[in-house]
Amino acid sequence: MNRRSLLRALGVSGTLAGCAAPVTPDSGEGTPPVTPDVDSPPPAPPATVPLGYTYVRPDGNRLVDGSGSLPETDPVDVALGARSEWVVGVPHDDGVLLGVVTGEGTDAVSVDGREAAPTDADLGPARGPPLLVGGDDPGFAPALGSPTTHPVPTTGGWASVAPDGVVRLPGGPNADVDALPDARIVGAAGRLYVLAGRTDAYAHGVLGDELEARSVAVLDPAGGVERTLDVPAGVVEGLVPIVADVDGDGEREVVVTTSDADRGSRLVALSTSGASLVGPAVGTGFRWRHQLAVAPFGPDGETELAAVKTPHVGGTAEFYRARGGRLDLVAERRGYSTHAIGSRNLDGAVAGDFDGDGRVELLLPDDPQRSLAGLRRVDARVEDVWRLPLGGRSTTNLCAVPTGSGIVVAVGVGETLRVWPA
């Protein structure tokens, strides 16, 4: 029995997804959830099967491997027939398979060489932000837990966030951490991380609802809650933490955006063994920062953290570096927007070597979200080195999939999927 047949026998719709997208109102929240028997969830895919996350990597860091050929690559437009809301992708059959969530269902698009076209692959239904599972029988992840997030494969099976905030773990006791119902579980080095301790104490409400988190729960898939990382002040205003080595000491930090009504948002890198790194605050309440990626952005390859300050009101791309026990702002450039108010789509930017010059760029929408800009760090400034016109306003996350021949980039523009083949 193949994977899809097994999922259907268990009463679960299986499917694959992958990529990240420019932001739009979320899909699937009004769809009745498919609720399988939690005592017999479907098996997780083997570790060798590729996975397509909207946030690119399982650790939440929106950084793609490989090198591309933008901006010289000509885009290919694929008609969808309904408004696009999410797009994800995985390497498949010497090319890339893209799974698209639209206002009317799901579509599959095959990218082969310089061509991109619809395919009859049945990826199954998806809800909320999708996760695409690759392999011989690709499809979207099973409908486990809250309808505003997705489960993730881990040791022994699937981990999922239930609507009541309990994280269901396959190999140990469930974790009653009061997780956000729309929190995305990320993983690194055998541990899972999820935003926990829900609260409505900060009524900003720009990320889909007025619930935020007070901490990050660190989970052992086989042992339950390992520790809780509390933020220094305020709440965590986000859905996807980034687990990465920010300061180069060999230890991964957990990067979140914290906010309070007096000072607004700041970036914080939470340490599991010592003092946390804290960046400057916006300076006024109800002004948000969108954390994006940790990568060797610096002019000489230094590790930096990229974010966009106030993406809803004249966004500014920012780059931070860990220095002297804090996060210092080292360069910025105004004119970019990576999020729409009220959307749960936080995957509007990707880092990678998209033009093949050996340097990492930050790829993100301009302020009107009608073109993608490639930003590069040079000396103490940020250069806008090239643009990719979209032919309209982006309506999905930004998807990037590495292949043996380059990086496939895709973004939804209304009822069209614009693809830059590898």
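Predicted model: local features only at pLDDT ≥ 70, side-chain atom pairs only at ≥ 80, totals over all residues.
Contact here means heavy atoms within 4.5 Å.

Pro-75 sits in the loop between β2 and β3. Leaving out residues up to four places away in sequence, Pro-75 touches Arg-418, Val-419 and Trp-420. Gly-412 is 337 residues from Pro-75 in sequence, yet the two C-alpha atoms are 12 Å apart in space. Is Pro-75 buried, exposed or partly exposed? Its relative accessible area is 38%, so Pro-75 is partly exposed.

The loop between β2 (63-67) and β3 (76-79) also holds Pro-71. A cis peptide bond joins Leu-70 and Pro-71, with omega about 5°. Most peptide bonds are trans.

**Positive phi values**

Most residues other than glycine have a negative phi. Asp-178 has a positive one, near 55°. Asp-178 lies in the loop between β13 (175-176) and β14 (186-188). Its relative accessible area is 30%, so Asp-178 counts as partly exposed.

Asp-379 also has a positive phi, near 50°. Its place is the loop between β29 (371-378) and β30 (381-389). Why does Asp-379 count as exposed? Exposed means over 50% relative accessible area, and Asp-379 has a relative accessibility of 53%.

**An aromatic pair**

The structure holds three aromatic pairs. One of them is formed by Tyr-202 and Phe-286. This pair is stacked, at 5.0 Å centre to centre and 5° between the planes. Which parts of the chain does the pair tie together? Tyr-202 is in the loop between β15 (191-196) and β16 (215-220). Phe-286 is in the loop between β22 (277-278) and β23 (289-295). The pair therefore ties together parts that are 84 residues apart in sequence.

Tyr-202 is buried, with a relative accessible area of 4%. Phe-286 is partly exposed, with a relative accessible area of 36%.

**Salt bridges**

How many salt bridges are there? The count comes to 23 salt bridges.

| Glu-318 | Arg-289 | 2.8 Å |

Take Arg-289 and Glu-318, which form a salt bridge with their closest N and O atoms 2.8 Å apart. This pair links distant parts of the chain. Arg-289 is in strand β23 and Glu-318 is in strand β25, 29 residues apart. Both Arg-289 and Glu-318 are buried.

Asp-366 lies in the loop between β28 (361-365) and β29, while Arg-387 lies in strand β30. The pair therefore ties together parts that are 21 residues apart in sequence. Asp-366 is buried, with a relative accessible area of 8%. Arg-387 is partly exposed, with a relative accessible area of 39%.

Glu-383 has a relative accessibility of 27%, so it counts as partly exposed. Arg-381 is partly exposed too, with a relative accessible area of 40%.

**Arg-321 in strand β25**

Strand β25 (residues 316-323) holds Arg-321. Buried means under 20% relative accessible area. Arg-321 has a relative accessibility of 17%, so it counts as buried.

What is Arg-321 in contact with, leaving aside its neighbours within four places in sequence? The contacts are Gly-298, Pro-299, Glu-302, Thr-303, Glu-304, Arg-326, Leu-327, Asp-328, Val-330 and Arg-377.

Methods: Residues numbered from 1 in each chain as written. Heavy atoms only, no water. Phe/Tyr/Trp six-rings, centres within 6.5 Å; stacked < 30°, edge-to-face > 60°. Helix = DSSP H or I, 4+ residues; strand = E, 2+ residues; numbered from the N terminus. Buried < 20%, exposed > 50% of the residue type's maximum accessible area, 1.4 Å probe, protein only. Salt bridge = Lys/Arg side-chain N within 4 Å of Asp/Glu carboxyl O.
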